[in-house]
Amino acid sequence: MPTTLSPQALPAHIDALTRAARAMTGSREDADDLVQDTLLRVLARDRAVEVEAAGAYLHQALRNQYVSTLRQRDRRPRTAPLESEDFRLVAPTSGDPSAGKTLFTQNCGSCHTMKNAGTSGTTGPNLDDAFGSVRTPANGSFDESTIRDVVRGQIAYAEPPMPQNLVQGDDADSVATYVAKCAGVPACGVQATGAQATTTTGATTGGGGGGGAAAAQGKQIFTENCGGCHTLKDAGTSGTVGPNLDDLKPPTAVVDRQVTNGGQVMPAFKGKLTPAQIAAVATYVSSVAGK
Ligand code: HEC
Ligand code: HEC
């Protein structure tokens, strides 16, 4: 139902706007100013906006305000290149979605479900649900660049339990671009680059190097499901939500039990990983931790 956007409707959106603004400006103070200027501008006139569209509308207003601020601040002719950092964050197609898919699977999938990436984490919101619905005209038709800003802001300014800056710079842009294209659009057609498409072959070519193949499988299971929360040098992961496993050096049985049942914060993987997969990751962790 179209209503006039009123000051009462704004607080619900300010957190998300501030995160997006911080990703654009790179500074808390500038972000607060940008959000304030945007809201002042939006409230200066009566705006008839669908209630559900208010978020998308405000994010678009924020982006417009940011671009006009850049142009004012930088009095050179419009053809002069913007500072590269600013430009990267404004340009709607800057990231590489294929690289983003790989990075998403490695860094985000342990906490977030997203069909196209094949991830099923449940600690954070399901991103297909979060961004699928806002793409429809009834819900405001968020465009890709708006979703990208929101995701980029979330990566940089996440609050616990989601760690800040799990991926940075170009990598963060790529993840944001990938999520913007594929969240809620499982058939987006993005192929992961550098993906370890070797899992299944690795696991089935047991013959000569059974131990090696099982270790490779355990490592991949770890990278995809655990690395976002745990540091483990052999797997190249640096999560800090759970204990550093190189320091903990847990025996196989402890890992097996913890993965199966979960902890207070850590989700249970029973039903998500097969007993064989849990055994593989437990063997892998106990054999490499601290080495
Ligand atoms: C340790 C678990 C964890 C990891 C790893 C993680 N997240 Fe999150 N994420 C969360 C939680 C919990 C929330 C909800 C809390 C909040 O909104 O601040 C969240 C919220 C979000 C949101 C906001 C969704 C919405 O409905 O507004 C986005 C977008 C997001 N995460 C993207 C990512 C991306 C991209 C990565 C990888 C770079 C990532 N997350 C890694 C736990 C995680
Ligand atoms: C969402 C974050 C998260 C994910 C994903 C996660 N963990 Fe954990 N893990 C934790 C936290 C937090 C703890 C501390 C105990 C608790 O849950 O309160 C923990 C504890 C552990 C422990 C220590 C158990 C003990 O008794 O000391 C092991 C081992 C472990 N995790 C392994 C794994 C493995 C292997 C995976 C992947 C299959 C995994 N974790 C996935 C957050 C996570």
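**Entry 1: K249**

I looked up K249 and found it partly exposed, because 14 C-beta neighbours lie inside 10 Å. For burial I use these cut-offs: a residue is buried if 20 or more other C-beta atoms lie within 10 Å of its own, exposed if 12 or fewer, and partly exposed in between, with C-beta atoms placed from the backbone. K249 is not a glycine, yet its phi is positive, about 45°. K249 sits in the loop between α11 and α12. Helices (H or I, at least four residues) and strands (E, at least two) are DSSP runs, numbered from the N terminus.

**Entry 2: what I am working with**

This is a predicted model, in which local features need pLDDT of at least 70 and side-chain atom pairs count only at pLDDT 80 or more, while totals for chains, interfaces and linings use all residues. Residues are numbered from 1 along each chain as its sequence is written, and chains are lettered from A and ligands numbered from 1 in the order in which they are written.

I noted 13 helices and 6 strands in the protein. Of its 291 residues, 37% are buried. I also looked at contacts, where two residues are in contact if their C-beta atoms, placed from the backbone, lie within 7 Å. Among contacts between residues at least 6 apart in sequence, 64% join residues at least 24 apart.

**Entry 3: helix α5**

I checked burial along helix α5 (residues 97–107).

I sorted residues by class: Ala, Val, Leu, Ile, Met, Phe, Trp, Tyr, Cys and Pro count as nonpolar, Asp, Glu, Lys and Arg as charged, and the others, Gly among them, as polar.

**Entry 4: α7 against α8**

Next I looked at how α7 and α8 pass each other. Their axes come within 8 Å and cross at roughly 135°. That angle makes α7 oblique to α8. The axes are lines fitted to C-alpha atoms, for helices over the stretch in contact, and angles run from 0 to 180 degrees between N-to-C directions. Angles under 35 degrees count as roughly parallel, over 145 as roughly antiparallel, 65 to 115 as roughly perpendicular and the rest as oblique.

The crossing of α7 and α8 is right-handed. A crossing is left-handed if the near helix is turned anticlockwise from the far one by less than a right angle, and right-handed if clockwise. On the α7 side the contact includes I147, R148 and V151, and on the α8 side it includes A172, D173 and A176. By class, this contact has 9 nonpolar, 1 polar and 5 charged residues.

**Entry 5: ligand 2 and G242**

I counted 26 residues around ligand 2, the closest being C226, C229, G242, G263 and M266. Helices α10 (210–225), α12 and α13 each supply at least two residues of this shell. The largest share, 4 residues, comes from α12. The shell divides into 17 nonpolar, 9 polar and no charged residues.

I followed up G242, which lies in the loop between β6 (237–238) and α11 (245–248). G242 is partly exposed, with 17 other C-beta atoms within 10 Å. Leaving out residues up to four places away in sequence, G242 touches C229, H230 and M266. G242 and V265 are 23 residues apart in sequence and 8.4 Å apart in space, C-alpha to C-alpha.

The axes of α12 (residues 252–261) and α13 (residues 275–288) come within 8 Å and cross at roughly 135°. That makes α12 oblique to α13. This crossing is right-handed. Among the contact residues are V255 and V259 of α12 and I278 and A282 of α13. The contact has 7 nonpolar, 4 polar and 1 charged residues.

Is V259 buried or exposed? V259 counts as buried, because it has 26 C-beta neighbours inside 10 Å. Leaving out residues up to four places away in sequence, V259 touches F269, I278, V281 and A282. The C-alpha atoms of V259 and A282 are separated by 8.1 Å, and the two residues are 23 apart along the chain.

Definitions and conventions. A residue is near a molecule or strand if its C-beta atom, placed from the backbone, lies within 6 Å of it.
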